[in-house]
Amino acid sequence: TEAIGLYNLGQSCCLNSLLQVFLMNIHFTRILRRITVPSSPAQRRNNVPYQMLLLLEKMQCGKCKAVGPRDLACCLSEHRVKLFVQHDAAQLFLTLWNLLKKQMKKPELVAELSDLYTICIQEHLACQKCSFEIKSNSTMLTLPLPVLDANSHRLKTLEDCLQYFFHPEELTGLNMCFCQQCGRKTTFLQSMKLVHLPQTLTLHLKRFCFERSSHTHKLSHPLPFPQELDLRKVLTENQCQADDSEKATWQYELFAVVAHSGSTSCGHYCAYIQSLTECKWYCFNDSEVCQVSWDDVKCTYGHSSLYWRETAYLLFYMKKHPQ
C-alpha cells in the first residue's frame with residue numbers, strides 16, 4: 001500500500017514528486033498524524049497539514065494504483081501557490097515547508113518538524129587587516145550546492161560540491177566590507193561552518209544557470225552522488241563548528257532523489273524514493289509507480305551530451321544513526 005501514485009492535475013509533476021518525498025518519510029508522517037484537526041469545514045479546507053494528512057490516508061487506504069491530490073492542490077491555491085504552471089522543485093519545497101510549519105498549531109510539532117529538516121550554519125566574516133570578526137548563526141532548509149566553481153569549471157562529484165560550498169571566499173575590490181576596528185573598507189574572509197545537521201538532509205544541486213542575458217539554461221553534466229555520505233570525511237575541521245557527539249551523527253544514507261528532465265522552459269519531474277520499511281527503490285512518475293534498482297537511480301547523475309535527460313535536482317539523505 002506504500003507505492004501509490006498521484007494523478008497529474010495539469011503540470012503538477014513537481015508538486016506530486018515533493019508530496020511523495022514528504023509522505024514516504026515515516027519520520028515526517030509520525031509528526032503529521034499528531035496535528036490538531038481544525039474545527040470548522042472552512043479551516044479544514046485551507047489547512048495544508050490537514051489536507052496532506054487526508055491525502056496520506058487516501059493513499060494508504062485506497063486500492064487504486066493512484067489517487068488525485070485535487071483537494072490539497074485547491075488548498076495550496078488558497079495560499080497563493082499557482083496551479084497549472086511549471087514550478088522549481090527547490091522553491092516549491094520551501095513553500096510547502098513554510099506552510100506546514102505555519103499551520104501546525106502545536107509548538108512541539110513545529111519543533112520536531114524543524115529538527116527533522118533544518119540545517120544550522122555559522123557564518124564568519126573576518127577582517128584580513130586586523131582581528132575584527134563577525135559571527136552569526138542561521139538556519140537553512142536546503143544546502144544550495146553549486147555544480148560549477150568560480151571559473152565555471154565543472155565540479156566532478158557531490159563531495160566536491162560540498163567542499164566548494166564551505167570553502168572560504170576572500171571579499172576584495174567592490175566586495176570589500178567596512179571594518180569597525182580599522183574604520184574603513186578592507187578585505188574580509190567570508191566562510192561558513194556547519195553547526196548542526198537534521199535527520200533528513202536536503203541538498204539542492206544548482207543545475208539551472210542564470211546568465212547575464214536573463215536567459216536560463218540547464219547544466220546536465222555528470223555529477224555522481226553516493227548512496228552513503230559521511231560528512232565527517234567530506235568536510236575539514238575548519239569547516240565544522242560542532243562537537244564530537246554531534247559529528248558522530250553525520251553519517252547518511254540516500255533516501256530520495258527528485259529528478260528533472262527536459263529544459264528550463266519545458267520540463268518534467270519525477271521522484272526516486274527508497275521505502276524505509278521495505279528498503280526497496282521506487283520511481284514515482286505521477287500516477288505511474290514501479291520498483292527500480294540502484295542502477296536506475298544512478299541514471300540521474302546526468303550526461304554531458306544528453307540535454308533532455310533526467311538529472312538529479314534535489315537529494316534527500318537520511319541519518320543512519322540518529323541520536
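The exercises below, each with a worked solution, go through parts of a predicted model.

In this predicted model, local features need pLDDT of at least 70 and side-chain atom pairs count only at pLDDT 80 or more, whereas totals for chains, interfaces and linings use all residues. Residues are numbered from 1 along each chain as its sequence is written, and side-chain values use heavy atoms, with hydrogens and water left out.

**Exercise 1. The domain interface**

Task: Determine how the chain is divided into domains, and describe the area that domain 1 and domain 2 bury between them.

Solution. Begin with the bounds, which come from an automatic or database domain assignment: domain 1 covers 1-118, and domain 2 is made of 141-166 + 199-322. Next, take the centres over C-alpha atoms, which places domain 1 and domain 2 22 Å apart. The contact (heavy atoms within 4.5 Å) takes 32 residues from domain 1 and 31 residues from domain 2. Then turn to the buried area, that is, the accessible area (1.4 Å probe) that two parts lose on being put together, summed over both; for this pair of domains the value is about 2600 Å², with 66% of it on carbon and sulfur atoms. On the side of domain 1, Val21, Met24 and Gln86 supply 20% of the area buried against domain 2, more than any other three residues. Finally, count the salt bridges, each defined as a side-chain nitrogen of Lys or Arg within 4 Å of a carboxyl oxygen of Asp or Glu: the count between the two domains is one.

**Exercise 2. Burial of helix α1**

Task: Work out how many residues of helix α1 are buried.

Solution. Helix α1 spans residues 13-23, and eleven of its eleven residues are buried, so the helix is largely enclosed by the rest of the structure. Among these buried residues are Cys13, Cys14, Asn16, Gln20, Val21 and Phe22.

**Exercise 3. An open sheet and a residue beside it**

Task: Give the strand order of the open sheet with four strands, and then say which residues are in contact with Thr187.

Solution. Two strands pair if DSSP finds at least two bridges between them. On that basis the four strands follow the order β4-β3-β9-β6, with antiparallel pairing. The edge strands, each of which pairs on one side only, are β4 (133-140) and β6 (169-171). Strand β3 (residues 119-127) is joined to β4 by eight bridges, and Ile121 stands opposite Ser138 in β4. Thr187 lies in the loop between β8 (184-186) and β9 (188-196), and counts as buried at 16% relative accessibility. Leaving aside neighbours within four places in sequence, Thr187 is in contact with Ala126, Cys127, Gln128, Glu170, Leu171, Thr172 and Met176. Of this list, Cys127 is 60 residues from Thr187 in sequence, yet their C-alpha atoms are 6.2 Å apart in space.

**Exercise 4. Strand β15 and its partners**

Task: Identify the strands that pair with β15, and state how many residues of β15 are buried.

Solution. Strand β15 (residues 267-274) is mostly covered, six of its eight residues being buried. Strand β14 (residues 251-262) pairs with β15 in the antiparallel sense over seven bridges, with His260 opposite Tyr269, and a hairpin of four residues joins the two strands. Strand β16 (residues 281-285) also runs antiparallel to β15, through four bridges, and here Ile273 stands opposite Tyr282. The hairpin of β15 and β16 has six residues between the strands, and in this hairpin Cys279 takes a positive phi near 60 degrees.

Conventions. Buried < 20%, exposed > 50% of the residue type's maximum accessible area, 1.4 Å probe, protein only.
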